[in-house]
Amino acid sequence: MTIWEMLAVFAAGIGAGTINTIVGSGTLITFPVLVATGLPPVTATVSNALGLIPGSISGAIGYRAELTGQRRRVLRLSTAAATGGLCGAILLLLLPSTAFETIVPVLVALALVLVLLQPRISRAVQRRREREGNDGGNPDGGPLLLTGLLLASVYGGYFTAAQGIIYLSLMGMLLHDTMQRLNATKNILAAVVNTIAALFFLFVAHFDWTAVLLIAVGSTIGGQIGAKVGRRLPPAALRAVIVIVGTAAIVQLTIRG
């Protein structure tokens with residue numbers, strides 16, 4: 001890489017770490033930059049996955065207050081995320097690069113619709129729980145959430161872009177909790193998927209270690225920035241950010257496909 005390419009990758013890492021912590025889709029910033037430097041798509045994908053791990057951890061640390069009382073939930077959901085992430089990483093090496101490109105924009109669009117409808121649906125679910133005498137619901141979301149997160153994590157291990165939006169939409173529908181606490185959980189799940197996928201790639205894929213280092217440092221800085229910004233956003237504003245970023249993700253994924 002030239003010095004300008006290195007600066008571009010570093011800046012992309014900061015941007016990705018910031019947006020990943022707030023909502024997700026940071027890969028849509030780093031991946032095109034890595035490819036533009038001349039890296040093959042698979043090398044760019046695996047280098048990006050490894051480089052973003054410190055950013056995910058940084059963002060999770062920034063949200064540590066919102067993680068209070070969620071230990072059991074996080075451990076249970078992380079099991080599904082880890083399993084799905086490993087499957088997705090394997091698929092990246094087995095399937096042609098166009099395999100998911102047609103379905104991904106549809107998944108992201110559906111996730112955005114669920115995010116927009118989540119307050120109304122949550123109120124309806126809460127009224128039903130009150131009628132049935134079960135105000136709290138299932139604190140872990142039940143089998144439906146586990147299955148949804150497993151499938152979302154397969155995609156996350158494959159490419160990662162916009163997986164955070166899908167996580168938030170699923171948890172917002174099936175868990176009775178605030179958006180900020182769900183966002184904190186999302187950051188942990190993203191870190192789990194990236195870590196599992198990257199550990200697998202270490203044994204079977206080629207990395208560009210300069211790119212990994214630049215994204216790692218940049219995303220760590222971005223994770224702290226994202227936590228400071230994201231934790232101050234009210235629920236409506238956080239949903240607005242999710243919709244804006246998700247719409248941009250759909251456009252970029254469609255053009256790329």
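Modeller: A residue is called buried if its relative accessible area is under 20%, exposed if it is over 50%, and partly exposed in between, using a 1.4 Å probe and protein chains only. The model is predicted, and local features need a pLDDT of at least 70, side-chain atom pairs count only at pLDDT 80 or more, and totals for chains, interfaces and linings use all residues. Residues are numbered from 1 along each chain as its sequence is written, and side-chain values use heavy atoms, with hydrogens and water left out.

The part examined here is helix α9, which spans residues 179–204. Of its 257 residues, 53% count as buried. Among contacts between residues at least 6 apart in sequence, 84% join residues at least 24 apart, where contact means heavy atoms within 4.5 Å.

A nonpolar core is a set of buried Ala, Val, Leu, Ile, Met, Phe, Trp, Tyr and Cys residues joined through side-chain atoms within 4.5 Å. The largest such core holds 47 residues, and the members that touch the most others are Leu34, Leu145, Leu149, Tyr167, Met171, Leu189 and Phe201. Two or more residues come from each of several elements, including α1 (3–22), α5 (71–94), α7 (142–158), α8 (163–174) and α10 (209–230). Helix α9 gives the most to this core, with seven residues. A second, separate core has five residues, among them Tyr63, Leu67, Ala184 and Ala227.

Angles under 35 degrees count as roughly parallel, over 145 as roughly antiparallel, 65 to 115 as roughly perpendicular, and the rest as oblique. From α8, the contact uses Gln163, Gly164, Tyr167, Leu168, Met171 and Gly172, and from α9 the residues taking part include Leu182, Thr185, Lys186, Leu189 and Val193. The residues of this contact divide into seven nonpolar, six polar and one charged; Ala, Val, Leu, Ile, Met, Phe, Trp, Tyr, Cys and Pro count as nonpolar, Asp, Glu, Lys and Arg as charged, and the others, Gly among them, as polar.

Methionine 171 touches Leu77, Leu145, Leu182, Thr185, Lys186 and Leu189, leaving aside residues up to four places away in sequence. Leucine 149, located in α7, is buried with a relative accessible area of 0%. With the same exclusion of residues up to four places away, leucine 149 touches Leu77, Tyr167, Leu170 and Leu189. Tyrosine 158 is also part of α7 and is buried, with a relative accessible area of 7%. Its C-alpha atom lies 9.8 Å from that of valine 193, a residue 35 places away in sequence.

Another neighbour of α9 is α4, covering residues 53–62, which packs against α9 at an angle of about 160 degrees with the axes 9 Å apart. That makes α4 roughly antiparallel to α9. This crossing is left-handed. Ile53, Ser56, Ile57, Gly59 and Ala60 of α4 meet Asn187, Ile188, Ala190, Ala191, Asn194, Thr195 and Ala198 of α9. By class, the residues of this contact are seven nonpolar, five polar and no charged. Helix α4 is mostly covered, with seven of its 10 residues buried, and its buried residues are covered by elements that include α1, α3, α9 and α10.

Asparagine 194 belongs to α9 and takes part in the contact with α8 as well as in the contact with α4. This asparagine is buried, with a relative accessible area of 4%. Beyond residues up to four places away in sequence, asparagine 194 touches Ala49, Leu52, Ile53, Ser56, Thr160 and Gln163.

Technical notes: Helix = DSSP H or I, 4+ residues; strand = E, 2+ residues; numbered from the N terminus. Axes fitted to C-alpha atoms, helices over the stretch in contact; angles between N-to-C directions. Left-handed = near helix turned anticlockwise from the far one by under 90°.
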